[in-house]
Amino acid sequence: MMELKDNCGSEGSRETESGVMGSLGGPSSWGSFTQRSTLHGLRFVFPHAASSRRSALRRLLWSAALLACLVLLVLESAERVAYFLQYPQVTSVDAVVSGSLVFPAITVCNLNAYRFTRLTRNDLYHAGELLALLDVHLQIPEPHLTEPHVLAFLTEKANFSSFRPKPFSMREFTERVGHDLKEMMLYCRYQGQECSHRDFKTELTNVSAAERCCLRG
């Protein structure tokens with residue numbers, strides 16, 4: 001019984017001593033963290049109580065260095081995040097020098113598919129509504145909004161009082177009224193040699209005419 005009391009008394013004294021050491025400036029949880037942390041410089045900013053009295057200047061310099069590094073880290077991270085949110089794209093182009101190139105296949109189309117001045121009375125009779133020049137009753141829609149020269153042309157050509165319609169072919173109409181590349185092409189040069197409208201051929205695409213490039217040997 002006496003031995004048991006002595007043991008209990010010794011354990012109690014040890015706990016009391018450890019509690020007193022923690023309260024009197026022994027290593028606390030924060031102090032242990034700063035000493036064991038892998039963050040460089042943190043243990044010099046928060047040293048042991050015994051070593052903290054040695055050099056306050058050293059702590060100040062380490063604090064300034066650690067704070068500067070944290071500021072740079074935040075600025076660099078913010079700049080990288082802003083750059084990422086811009087979704088930048090990089091295009092890689094390899095230029096290959098060739099001594100000779102095959103004449104390319106290109107298509108030249110005029111947005112104004114048909115030449116107004118080439119229209120005939122038979123064209124207006126059959127395709128006037130398709131071209132939005134006449135309505136379903138073969139009358140000029142909204143003549144007060146039409147330009148004077150266009151109105152005069154339509155008034156003359158759209159007079160079907162004594163007109164007898166002739167057969168109409170959309171292909172013939174497109175080839176005749178569509179634009180001619182000879183009139184559209186001002187200059188053509190490929191690999192130091194001049195080219196002309198003769199190097200192109202006309203191909204019909206639906207109801208519009210297109211000039212497709214075709215090299216003739």
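**Salt bridges and a disulfide**

Trainee: Is glutamate 79 buried, exposed or partly exposed?
Mentor: Partly exposed, at 38% relative accessibility (buried is under 20% relative accessible area, exposed over 50%, partly exposed in between, with a 1.4 Å probe and protein chains only). Mind that this is a predicted model, where local features need pLDDT of at least 70 and side-chain atom pairs 80 or more, while totals for chains, interfaces and linings use all residues. Residues are numbered from 1 along each chain as its sequence is written, and side-chain values use heavy atoms, without hydrogens and water.

Trainee: What does the side chain of glutamate 79 meet in a salt bridge?
Mentor: Arginine 80, at 2.7 Å, N to O (the rule is a Lys or Arg side-chain nitrogen within 4 Å of an Asp or Glu carboxyl oxygen). Arginine 80 is partly exposed too, at 42%.

Trainee: How many salt bridges does the structure hold?
Mentor: Seven. In one of them, aspartate 123 pairs with arginine 176 at 2.8 Å, N to O. Aspartate 123 sits in helix 5 and arginine 176 in helix 7, so this pair ties together parts 53 residues apart in sequence (helices are DSSP runs of H or I, at least four residues, numbered from the N terminus).

Trainee: And how accessible is aspartate 123?
Mentor: Buried, at 1% relative accessible area, while arginine 176 is partly exposed at 26%.

Trainee: Switching topic, which cysteines form a disulfide?
Mentor: Cysteine 188 and cysteine 195, with sulfur atoms 1.6 Å apart (the cut-off is within 2.5 Å). Both are buried.

Trainee: Why is the disulfide left-handed?
Mentor: Because the torsion about the S-S bond of cysteine 188 and cysteine 195 is about -75 degrees.

Key. Helices (H or I, at least four residues) and strands (E, at least two) are DSSP runs, numbered from the N terminus.
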